[in-house]
Amino acid sequence: MTTAASLSWSESARDADLAAWLDATAGDPRVRALMATDAFRRLHDIAFLGALDYTHRPFPPAAQRSRAAHSLHVAALANYVASGRGYDAELRHHLLIAALLHDIGHPPLSHSAEPALRARTGYGHHEAGARIILGEAAIGRELHALLRETTDLAFLLDLLDGKVADAAGGDLFASPLNVDTLDAIARALDCLAPELPPPDRLASARAALLDSRRDAATLALLDQFWERKNLVYTQYIGQPLGILADRACRQFFAGGPALAEEDFLVGERRWQERYPALFAGLAQLSRGQRPAWLDDEPFEIEFRGYFVDHEQGFASRYRLVRGRQQAQAGALLAKLQADAAPPRARDMEYGDFLTAYPYIARARQHSAQMVRQIRAELHAVLAGSPQRDRLCVVATGSYGRNEACPESDLDWFILLDGCTGADLRTEKGAIKQVIDRYIAREPGDSGIFGSEATQDFAQLVEHIGGSQDSNPALTRRMLLLLEGRSLYGDARFASLRRRLMEAYIGKGSRDKAISRFLLNDVIRCYRTIATDVQHKASVDQQDWGLRSIKLKFSRKLLYFAAIIAIAETASEPARDARIERLLALLELPALERIHAIASAAPLDQAPAGLMAKTRQIFAIYEFFLRQISEPANRRELADLHEQDREDCELYMELRASSKTFTRCLFDWLRVKYAQEHPIHEALLF
């Protein structure tokens, strides 16, 4: 077995993987001896995630979620950095041992139960660790005896207390990007978000603690780590279930069993035997239920966020932002239950809501049925195409918004990802034949939609806002995000929408509460559509009446629903979390999105009058759909020219309703989002 002393930097610095450093560290005889003591073996029974290990569904096996596994990884990182810096064997030994023992004093449930430890003894896990290392606690006597033979205990404790200069390795424990944090964030993501690639531990350690150049590649690694850290704190620790898990532990011991100091120096299996009600309560929380002993009194919570200021150099690039807020268990549980509601349950709730709006309900049913039939045929027709995995067929317009009637046309285009329009001569004809069997009316004659409307996806993303961007590209890009539905190529469709969203969120300023880069293009698209309607009427002499009414209702609704999706993510500072939240919201058609956002908060927490405003919006939109679903009304509006509008009673009635509709949307925005919400400023400036 290679030992820590024999694994030299020249053999391993850039080539060996983490497993080699773990083997080298665990193979050191002194490390092996320390890991065999009762004090260290106890850490195998201490969950790294604390109470989250019992309320969430961690991914790796329990052995990989322990404080022991974490401690060995931190020691391996310390070994790696100390070797890279060329420290002598004695200093390297002390850094390795300090890293191995940095969590030796953690109580069961780790940070979740630490307030109970502090309330009972007056100190936390750092001080408890020092007592174990000094042999003052019975469980630490064997460990202390081993350390006394090979280690300067005063220097070891100074390392753990952050009292050692950086030149002697103190920054491995005291800097913002220390070896403990580097493994902790990667491990939390391994446990809670296995679908996301965690930060590379060795690469992050090299960038943070070895590479002094701070070039673009190094900063990119550190930026990614900081963003992942923000994700852990904002999306897990700072979310309702994480807050409730910690609150439950603290309240259980505050009003429950009397704890002795020795109770904190056992494993969690012992606690499960002694305090079954605590672990049963954590299981209840995981199901969205409140334990009987968790009261509903207001309490203060602290939020933490970690932000990257890309305008700054390394010294001031990374910022910790804290905030405090009052919360109650009942309100957090209600939010948790709303977020956890299965899609079918939400769908049924929305369906019940629509019983008061039969034309909206009928349009939703018709849209779903037609899309389902077209999808089935397209998958059969394109199954043998050599380009089948390089394209997707996108529906937008009334079918994308779930509000089509039998008189509606179908706006559709083909997105290309790895092929060209010339490669699809046969496929384009086959797709059109399928759609024509179900949809009588041709899409608009602008060339943006239909069988010849193919769009290379790379062009959509690479030229956002640039000189090579075009109105057709802007329109397709926005409609893909805001109302697009997949008719063929579901996996490709989802991948391209995600890549497009990543382009918007990635290019935007990361210190903004609102995704302004995306919002600006939403505004640009809406204004472009409005200008286009006027151009077609005054210059091209095309049908005006129906386009004008759609602009006042359906186009305005699409614009508004995009604004509120962006507003809803103002509290999501993590880039990945904001992307996921936006994509989830944009999966919902515009009307359903408004309903979902309005009904997400419990009744006693929702802004006063919000649901009433929502019903007003639906009532006016119901009137609009009822009018344009009548064939005679559609023909009358389609034939109407701008100069004759005041002679058309139907048009004037719809125009009057549209003004009320606009006021309702405006009022809804002000009721839902307080005056200080950043969406209001962002829409103006």
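Me: What makes a feature count here, and how are residues numbered?
Reply: Residues are numbered from 1 along each chain as its sequence is written, and in this predicted model local features need pLDDT of at least 70 while side-chain atom pairs count only at pLDDT 80 or more. Totals for chains, interfaces and linings use all residues, and side-chain values use heavy atoms, with hydrogens and water left out.

Me: What makes E114 and R118 a salt bridge?
Reply: The term asks for a side-chain nitrogen of Lys or Arg within 4 Å of a carboxyl oxygen of Asp or Glu. For E114 and R118 the N to O distance is 3.8 Å, and the pair is a salt bridge. Both residues lie in helix α8 (residues 110-121), 4 residues apart, about one turn of the helix. Helices here are DSSP runs (H or I, at least four residues) and strands are DSSP runs too (E, at least two), numbered from the N terminus. By this rule the salt bridges come to 38.

Me: How do you know that D223 and R317 are joined, and what does the pair tie together?
Reply: Their closest N and O atoms are 2.9 Å apart, which makes a salt bridge. D223 is in helix α15 (residues 216-237) and R317 is in the loop between β1 (299-308) and β2 (318-327), so the pair ties together parts that are 94 residues apart in sequence. D223, at 7% relative accessibility, counts as buried, and R317 is buried with a relative accessible area of 7%.

Me: What makes E681 and R516 a link between distant parts of the chain?
Reply: The closest N and O atoms of E681 and R516 are 3.6 Å apart, and the two form a salt bridge. E681 lies in helix α34 (residues 678-684) and R516 in helix α27 (residues 516-538), 165 residues apart. R516 has 23% relative accessibility, so R516 counts as partly exposed.

Me: Why is a set of residues called a nonpolar core?
Reply: The name goes to buried Ala, Val, Leu, Ile, Met, Phe, Trp, Tyr and Cys residues joined through side-chain atoms within 4.5 Å. The largest such core has 106 residues, of which L101, I104, L147, W271 and L278 touch the most other members. Helix α6 (residues 67-84) gives the most to this core, with 10 residues. A second, separate core of 90 residues includes I448, Y504, L582 and C648.

Me: What makes strand β4 mostly covered, and how do you know which strands pair with β4?
Reply: In β4 (residues 411-416), 6 of its 6 residues are buried. D411, F413 and L415 cover one side, and W412, I414 and L416 the other. Two strands pair if DSSP finds at least two bridges between them. Strand β3 (residues 391-396) is joined to β4 by 6 bridges, running antiparallel, with L391 opposite L416. Strand β5 (residues 454-456) is joined to β4 by 3 bridges, running parallel, with I414 opposite T454.

Methods. Buried means under 20% relative accessible area, exposed over 50%, partly exposed in between (1.4 Å probe, protein chains only).
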